[in-house]
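Grab your viewer and work through these exercises on voids and helix packing. Try each task before you read its solution.

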Amino acid sequence: MLVDRIWTKARLLPCTGAGAVDDALVASLDGRIVYAGSIADAPAGLDALDVHDCEGRWITPGLIDCHTHLVHGGDRAHEFELRLAGASYEDIARAGGGIVSTVAATRAATEAELVAQALPRLDALLAEGVTTIEIKSGYGLDLANECKQLRAARELGVQRAVNIVPTLLGAHALPPEARSADAYIDLVCDAIIPLVAAAGLATAVDAFCEGIGFTPKQVARVFTAAGLHGLRVKLHADQLSNLEGAALAAHFGALSADHLEHTSAEGVAAMAKAGTVAVLLPGAYYFMRETKMPPIDALRAAGVPLAIATDCNPGTSPLTSLLATMNMAATLFRLTVDECLMGVTANAARALGRDDIGSVAPGQQCDLAIWDIQRPAELVYRLGFNPLHARIVKGVPA
């Protein structure tokens, strides 16, 4: 059998639930994996014109950052200074800072400028083996600018070898011109969601359910509209308080509920029943100096899949390292090495509603990361160390 590429003499961590393979081979054809396993068990006659000797390096799935706000204008370094001086996230938001300040900068930027500003952030993630990244809107807060953000996100996937998963976060904050929160939710449901869905600009809809965001009732309206237009949902849930956002997300069959610091036992049970993934964001927890951890033990006990993401954003997690994020998840949230690695591969794929990425197995898209390491734990253990040797996207070295 002749295939496009073969990577051989590797050690393989497939992230399928199966164990590692010490003397492994991965073969791809037309961007898909056709074989992944031991060299001894490979099909007879398997060959390719392009054969890579990995010289004992480790192969994992390409990493997946399943929650980012990568496309935005400006930064919020001055708010970082305010927080160091004692101001809270809520104080800054209520004084006109926070998300709304990024909205002004994003609205002022052209689509090309947004792409140019986002590329260095994207490149930092790609340099660490990321092959798929979710990018939310949410800094436009009107029809034209939400669409501008989503188009910019898609353009990043044109300019770089990476899978972009765009998400509409129209219900992120109240824009300054809105008459009321309910009136703005009318706009999101009646205009923004229908147009975005019709144009194919997003695959899912997100919302911020919080005292400084939107109420559960308002979020339910957004999720109902998303369903009517064939879009999946996910939710920023229970980050600063418990509004039972996790349970609300589960009620609508959400792909994921993210943050979860204040999630209740009822919310955990609802997520488990619905199959909703818990996306943990230790960067925001660290950056905001939070002290209340997400209910990790309860999520584990209930069998809720755990994913990890950078939450890269200008205000509360200006983080562009998924490797550092894994270390934070292990150090701050006490996740195991296996949980961290599954959290940026198979479970992250599940949080995006993707069943074709996140593991190294036949039929999967051939997205790989090849590492100069002695054991996978190094990817979680080290800080400020990048052992990436090669990144493969759809079977092609990137």
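**Exercise 1.** Find the volume of the second largest cavity and say which residues line it.

*Solution.* Start with the size: the second largest cavity takes up about 50 Å³. Here a cavity is a set of points on a 1 Å grid over the protein atoms alone where a 1.4 Å probe fits but cannot get out. Volume is the space filled by probe spheres set on the points, with grid points joined across faces, edges and corners.

The nonpolar class is Ala, Val, Leu, Ile, Met, Phe, Trp, Tyr, Cys and Pro, the charged class is Asp, Glu, Lys and Arg, and the others, Gly among them, are polar.

A quick note on ground rules: the model is predicted, so to say, with local features needing pLDDT of at least 70 and side-chain atom pairs counting only at pLDDT 80 or more, while totals for chains, interfaces and linings use all residues. Residues are numbered from 1 along each chain as its sequence is written, and side-chain values use heavy atoms, leaving out hydrogens and water.

**Exercise 2.** How many cavities of 30 Å³ or more are there, and what is the volume of the largest cavity?

*Solution.* The count comes to 2 cavities of 30 Å³ or more. The largest cavity has about 120 Å³. It is lined by 13 residues, and those closest to its centre are Tyr89, Ile99, His172, Asn313 and Thr316. Its lining splits into 4 nonpolar, 7 polar and 2 charged residues.

**Exercise 3.** Describe the largest pocket and say which element gives the largest share of its lining.

*Solution.* First the volume: about 330 Å³ lies in the largest pocket. A pocket is an open set with protein on both sides within 12 Å along at least five of seven lines. Of its 18 lining residues, Ala93, Val100, Ala173, Leu174 and Ile212 are closest to the centre. Then the elements: α2 (89-94) and α3 (99-108) each give two or more residues, and α2 has the largest share with 3. By class, the lining holds 12 nonpolar, 5 polar and 1 charged residues.

**Exercise 4.** At what angle do the axes of α6 and α7 cross, and which residues meet?

*Solution.* The axes of α6 and helix α7 (residues 216-228) come within 9 Å and cross at roughly 10°. Therefore α6 is roughly parallel to α7 (angles under 35 degrees count as such). In α6, Ala181, Asp182, Ile185, Asp186, Val188, Cys189 and Ile193 meet Gln218, Arg221, Val222, Ala225 and Ala226 in α7, with contact meaning heavy atoms within 4.5 Å. These residues divide into 8 nonpolar, 1 polar and 3 charged.

Technical notes
1 Å grid on protein atoms, 1.4 Å probe; cavity = no way out; pocket = protein on both sides within 12 Å on 5 of 7 lines; lining within 4 Å. Helix = DSSP H or I, 4+ residues; strand = E, 2+ residues; numbered from the N terminus. Axes fitted to C-alpha atoms, helices over the stretch in contact; angles between N-to-C directions. Parallel < 35°, antiparallel > 145°, perpendicular 65-115°, else oblique.
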